[in-house]
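Hi everyone, thanks for coming. Let me put the sequence and the model up on the screen, and then we can walk through them together.

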Amino acid sequence: MASTPIPAAFPTSDEEALVALQSAVSVLAAKWSVIVLARLGEGTHRFNELLRAVDGVSRRMLSATLRQLERDGLVERHVYPRVPARVEYELSPVGEHLLVALAPLAGWGLEHQRDVDDAREDFDRLQRWRSQGEEITARSASTPRIV
């Protein structure tokens with residue numbers, strides 16, 4: 001299997017760059033973060049609009065995700081003093097830059113989605129085969145041999 005060399009621009013030996021990369025990836029590690037950022041990339045949304053736009057997220061998880069993204073400086077929350085209060089969320093300039101940086105990663109995901117799916121299927125099949133082999137070995141070890 002041929003391997004592609006890692007581009008020279010990738011900071012494999014620069015500790016500060018690796019820490020920064022880990023920090024950036026941790027921002028995206030929460031299950032709903034990327035989806036919420038993508039929806040806000042379409043424009044400003046109110047909470048309930050986001051709740052409808054992000055399929056499967058609960059009110060509690062959306063609230064926690066928005067708080068974390070706001071804490072990380074990726075989302076800005078605007079409260080308008082009215083009765084009832086109006087709250088809107090939008091990407092900050094830092095959040096916009098992150099979405100631009102994620103575009104190549106999305107392209108990679110589209111290009112290699114089948115590769116990843118195939119690798120997972122192969123791995124899972126091998127794991128099942130190994131566990132069945134261990135079962136057979138365990139059963140045969142516990143069965144007395146007739147000589």
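Let's begin with the second largest pocket: α1 (15–28) and α5 each supply at least two residues of its lining. Before going further, some housekeeping: this is a predicted model, so to speak of local features we need pLDDT of at least 70, side-chain atom pairs count only at pLDDT 80 or more, and totals for chains, interfaces and linings use all residues. Residues are numbered from 1 along each chain as its sequence is written, and side-chain values use heavy atoms, with hydrogens and water left out.

Helices (H or I, at least four residues) and strands (E, at least two) are DSSP runs, numbered from the N terminus. A pocket is an open set of points on a 1 Å grid over the protein atoms alone, where a 1.4 Å probe fits, with protein on both sides within 12 Å along at least five of seven lines; lining residues have an atom within 4 Å of a point. Grid points are joined across faces, edges and corners, and a volume is the space filled by probe spheres set on the points.

Back to that second largest pocket. Its volume is about 160 Å³, and the lining consists of L21, A24, V25, L28, L98, A101, L102 and L105.

The largest pocket holds about 230 Å³ of space. Around it you'll find L28, V34, L99, L102, A103, L105 and A106. Helix α5 (residues 93–142) gives the largest share of that lining, five residues.

Now to a pair of helices. Helix α2 (residues 33–41) and helix α4 (residues 59–71) pack with their axes 10 Å apart, at an angle of about 75°. Axes are lines fitted to C-alpha atoms, for helices over the stretch in contact, and angles run from 0 to 180 degrees between N-to-C directions. α2 and α4 are therefore roughly perpendicular, a label for 65 to 115 degrees. In contact (heavy atoms within 4.5 Å) are S33, V36, L37 and L40 of α2 with L62, T65, L66 and L69 of α4. Six of these contact residues are nonpolar, two polar and none charged.

And the sheet? It is open, with three strands in the order β1-β3-β2 and antiparallel pairing; two strands pair if DSSP finds at least two bridges between them. β1 (45–46) and β2 (75–80) are at the edges with a single partner strand each, so one side of each has no neighbour in the sheet. α2 packs on this sheet, touching β1, β2 and β3, and its direction makes about 100° with that of β3.

Six bridges connect β2 to strand β3 (residues 86–91). Opposite V79 stands V87 in β3, and E76 has E90 as its bridge partner there. The β2 to β3 hairpin runs through five residues. P84 sits in that loop, joined to V83 by a cis peptide bond with omega of about -5°. Finally, β1 and β3 pair over two bridges, with Y89 in β3 the bridge partner of H45.

Conventions
Angles under 35 degrees count as roughly parallel, over 145 as roughly antiparallel, 65 to 115 as roughly perpendicular and the rest as oblique. Ala, Val, Leu, Ile, Met, Phe, Trp, Tyr, Cys and Pro count as nonpolar, Asp, Glu, Lys and Arg as charged, and the others, Gly among them, as polar.
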